[in-house]
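Hi everyone, thanks for making time.

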Amino acid sequence: MSPLSLRLFGASFQNPVLLAAGTCGFGEEISEVVALDELGGLVTKSVTAEPRWGNPAPRVSEFPGGMLNSVGLANPGVEAVRREKLPWLRDHVRKAQVFVSVAGHTEKEFVGIVEHLDEAEGFLGYELNLSCPNDQRRSLLPFALDADAMSRVIQEVRQRTSRPVLAKLAPNTPDFRGAARVAVDAGADGVTLVNTLPGYLENPGGEGSVLGAGSGGVSGPLLRPVAVHAVRTVAQAVEVPLVGVGGISKPSHAAEFLRAGASLVQMGTAGFADPRAPLRVIKGLERVGLPPSRRGGGLP
C-alpha cells in the first residue's frame, strides 16, 4: 500500500492529489499526456442541465500572479455527460476517484442533474459548484455567498443521492466558518476550499477587459494564501474532510494544505503550463509522507 493512500467517503484514494474542476475536461481530453490512474482522482468540468458554449473569447489571460479566466461553464450538458463522458470514465479510469462537478442557476437545476446522473457508473460523488464567479446567467449572488440558498441546494441534493457530496465554497466569503457549518448542517460530506476569486484586468491599451466576458476568476499562485487560510479556518469549525485547492504547483504547497487540515488537494492552473505537474507533486509527497489528519476516516 502506498504511504500516501487514505480512505475517505467510503472509498480508497491512492494519494491525496486530484485535478480540479474545469482543468481536465472529463479526463479523456488529457489522457494522452497525463496518466490518470496515477492520480488520487479528478473532478470533471462542471455539468449543467443544458449544453453551454461558454463565454465570449478571449477566455483566459495570464498575469504575474496567476491566471484570469472566464470560460463560462462550457460543457456538453447533462444528457451527453451521462451518455458519453461517464462511460468513458468508467472504462478508462480504474484507480483514481472521480467527482462530477455540478452547476446550475437554480436549486431545481442542481437537483435535476443529480437525479439524471445518480444511477450511472463511472464516478464516486458530486462536487457542487456553488461559487463560480463567471456564470454570466446567474444575476444573484453565488449560492455559496447566500447561506439560505446554499443550504436549500445541498439539502435538496442530499435527499436524492447516497453518494458523497462536496460543497465548493467561495474565496470571498466573509465567514468561512459559518459557510462551512451551513454546508455541513445541510448534508455536505466534505468541503472544497476554494473556488476562483472574482477579478478584472484591463487591456494593455487601457480600454476594455482582457477577457471577452469582462470579469473572470483568479487562480494560480495569488490564490494560494487565501485558500490555505480558508482551510486552516474551516478545520477549526467542522469535522468533515476538507479539500484544499488554489495555487498548488510544488509538493511543499500540497503539504502546506495538508498540514492546515485538508485531507485532499486539487491542482488546476499549474497543469495548464505543465500537465505532468500533479504527478511530480505526488512523487514529492511520497518522499515526505502525509502529515497526521483527524479527517482520514470518512464515511463508513
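Gln97 sits in strand β7, residues 97-102; strands here are DSSP runs of E with at least two residues, helices are runs of H or I with at least four, and both are numbered from the N terminus. Before I go on: this is a predicted model, where local features need pLDDT of at least 70, side-chain atom pairs count only at pLDDT 80 or more, and totals for chains, interfaces and linings use all residues. Numbering starts from 1 along each chain as its sequence is written, and side-chain values use heavy atoms, with hydrogens and water left out.

So, is Gln97 buried or exposed? Buried, at a relative accessible area of 17%, where buried means under 20%, exposed over 50% and partly exposed in between, with a 1.4 Å probe and protein chains only. Its side chain reaches the backbone oxygen of Ser12 at 2.9 Å. Beyond its neighbours within four places in sequence, Gln97 contacts residues including Phe13, Gly41 and Leu124 (contact is heavy atoms within 4.5 Å).

Now zoom out. β7 belongs to a closed barrel of 8 strands, β3-β4-β7-β8-β9-β10-β13-β14, with parallel pairing; strands pair if DSSP finds at least two bridges between them. The twist averages 25° from one strand to the next, with axes fitted to C-alpha atoms, for helices over the stretch in contact, and angles from 0 to 180 degrees between N-to-C directions.

Take β13 and β14: they run parallel, joined by 3 bridges, and Val245 has Gln266 in β14 as its bridge partner. Helix α5, residues 224-235, packs on the sheet, touching β10 and β13, at about 165° to β13.

Technical notes:
Polar contact = N/O pair within 3.5 Å; in protein donor to acceptor, adjacent residues only side chain to side chain.
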